[in-house]
Amino acid sequence: MRAWIPHLLRAALLVVLIAFLVSPSWFDPLLKPLVQDNAPAIYNQGSLLTLTLLHLRTVAIATTGAIIVAVTLAILVTRSFGAEFLPLSRSLVNVGQTFPPVAVLALAVPILGFGEKPTLVALFLYGLLPIFENTLTGLTTLPPSVMEAARGSGMTDRQRLFKVELPLAMPVILAGIRLSVVISLATATIGSTVAAKTLGEVIIAGLQSNNIAFVLQGGLIVGALAVLIYDGFSAIERVMARRAGLAARS
Amino acid sequence: MKRPGPQKGSRPEWDGDGSLSIRFDKLGVVIALLIAYAVLAAPFATFRANRIVPGDAKGILQALPAGAGMLLLALMAGVALVVLLKTPTRLRLFAAAAGLAAIAVFIGMAATFLTPPANSYARVSPASGFWILLFSFALLAADSITRMRPLPLVRLLLLVMTLGGAAVVLTSGLWDGLSILKEYSGRADVFWLEAGRHVTLALGSLFAAVLVGLPLGILCHRVAPLRAGVLNTLNLIQTIPSIALFGILIAPLGWIAVNVPGAAAIGIRGIGAAPAFVALFLYSLLPVVANTVVGLAGVPREANEAARGIGMTDRQRLFGIEFPLAMPVILTGIRIVLVQNIGLATIAALIGGGGFGVFVFQGIGQTAMDLVLLGAVPTVVLAFAAAIVLDALIEMNAPQRERGRTA
């Protein structure tokens, strides 16, 4: 009945976010009470829009790399010739998740130097895990009857993979990608501690100059991006699931 | 707690006993290649004249006295041979342990050998070859342990043995020449202080989150209209990046410290550990509450009805039936929180909250990577150990749930 309310809220969030990025000065009166008299209320050491785009670019590059590697690996270990690696890869995923992102970031610096590269590596490694895990789950929990039917109808291994297994597993894989992107969006801010150009720069500038308004706007932009992207992915997943015939409801 | 029945051997055994033809192990080929590359082409140790200048990479034979270098090469060749062929799993685990012990001893030896006598500025640190070997042997050990599928208690024992071995090496003075321990020896007091803070932050916020999250989860389970609202709010908190949440909390906590009598006395302040603690607590709530709700929802209706039928009160039912059955799921939530908190607590250093992050960020600031390692390595070890312990706990609790589910 009131199903349109969430959509409206989301649209409003998107409008506010875009307005804030394009013309942050409109919001100056809102943030002014948070800062001391002479301190700027809106980040003034660079364009918020540029930083947001760079932030998104970093996340997009790292996630694309993670998707390619994680999905390929998951496909390999679920084929018969790679089956020997399946149990190990499961435990590696578990172990990998225990590595704190800050540690990965800090350890990548001596090899790659400061800037965007260590951030990309940390995001890539961290993003691998949810995608790999979900692709594995998707590919190993396919209904046996469907697999039998595909085999029985004389499909080759390759056809089965691309026409049956991957399409059926797609909603689960997408859920993994969504998780990975949301984690990466937040983790990318830490990249600014090693001089990557992300929204973390705004937050860190705020922490250093004791400016709550900076911290707040940096954090809220990232939070809004995460919510919108999360919802976007959820919508795509629903469409995919419906197409794969998995949706129980209408 | 004992597991019911033997484990089903649905996977083929790879032990290869009884077959006479030489067969290669696929993962073994990968590991042997890694070992070969690390030994032949990558540097084993790095020598630097002081802690921040770029270093000279030394191969195994340059980094060690002649005899020792040859011995290490021979040992590595032996391990590579064991992993390459289809050998019994126990032998492979032993080879991994032997390999780890060998590189641990020899990297210490390299440090003593490379450091000029009476030079306290020179730094020797492990180089890429060492790390690749460490990774290969860890991979081999992980694979052997996965194949053996040990009981939870055995896994805990293996963890204790590994940590014990590391403690022996650390206290023996074998590694004292290594740069990471030189960084440590200069700040041993601070190290343990920050270690204490790190653990307090991670465990304390977890404890608080369980204290609040469990009742909140039960409430959400019983009062359905609350559920979506609470879970959505907690979900939203997760989207705020950690450094921002830490920063945002500075203001309200600073205000509380000034305006609420007694707050400052119990350690609430705008910067420092208090905002870090609150931020970690807020992040921890979602996994605890969500898993409590999922766990309680998964309790079979029959179990609840049977309990009601024999006249159990609501309270008895909660503690006697629902909680035990939901325990593995709740524990999974706690595992997620603990591992996540141990990692996130490093960020507390940015707002003066202490913890191992202090060394990480100091190290980044001074481009002193040994200092970064001094902060990062204990964090990783702590998170890893916590994950193993909680996984074992979850497994020990699991059979009850399975019995419940099939009822």
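Across the interface of chain A and chain B, one residue pair is in polar contact, with both residues at pLDDT 80 or more; a polar contact is a pair of N or O atoms within 3.5 Å, where within protein one must be able to donate a hydrogen and the other to accept it, and residues adjacent in sequence count only if both atoms are side-chain atoms. This is a predicted model, in which local features need pLDDT of at least 70 and side-chain atom pairs count only at pLDDT 80 or more, while totals for chains, interfaces and linings use all residues. Residues are numbered from 1 along each chain as its sequence is written, chains are lettered from A in the order in which they are written, and side-chain values use heavy atoms, without hydrogens and water.

**Interface of chain A and chain B**

- Contact (heavy atoms within 4.5 Å) involves 37 residues of chain A and 42 residues of chain B.
- About 3,300 Å² is buried between the two chains, 81% of it on carbon and sulfur atoms; buried area is the accessible area (1.4 Å probe) lost by two parts on being put together, summed over both.
- On the chain A side, A:Glu84, A:Leu88 and A:Thr98 lose the most area to chain B, together 19% of what that side buries.
- Elements giving two or more residues to the chain A side are α4 (86-96), α5 (101-112), α9 (200-208) and α10 (212-243) of chain A.
- The largest share, eight residues, comes from α10(A).
- The chain A side divides into 27 nonpolar, nine polar and one charged residue (Ala, Val, Leu, Ile, Met, Phe, Trp, Tyr, Cys and Pro are nonpolar; Asp, Glu, Lys and Arg are charged; the others, Gly among them, are polar).

**Fold of chain A**

- Chain A has ten helices and zero strands, taken as DSSP runs numbered from the N terminus (helices H or I, at least four residues; strands E, at least two).
- The C-alpha atoms of chain A fill a box of roughly 75 × 55 × 25 Å along the principal axes.

**B:Arg155**

- B:Arg155 lies in helix α6 (residues 152-172) of chain B.
- Leaving out residues up to four places away in sequence, B:Arg155 touches B:Pro150, B:Ile388, B:Asp391, B:Ala392 and B:Glu395.
- The side chains of B:Arg155 and B:Glu395 are joined by a polar contact of 2.8 Å.
- B:Arg155 and B:Ala195 are 40 residues apart in sequence and 25 Å apart in space, C-alpha to C-alpha.
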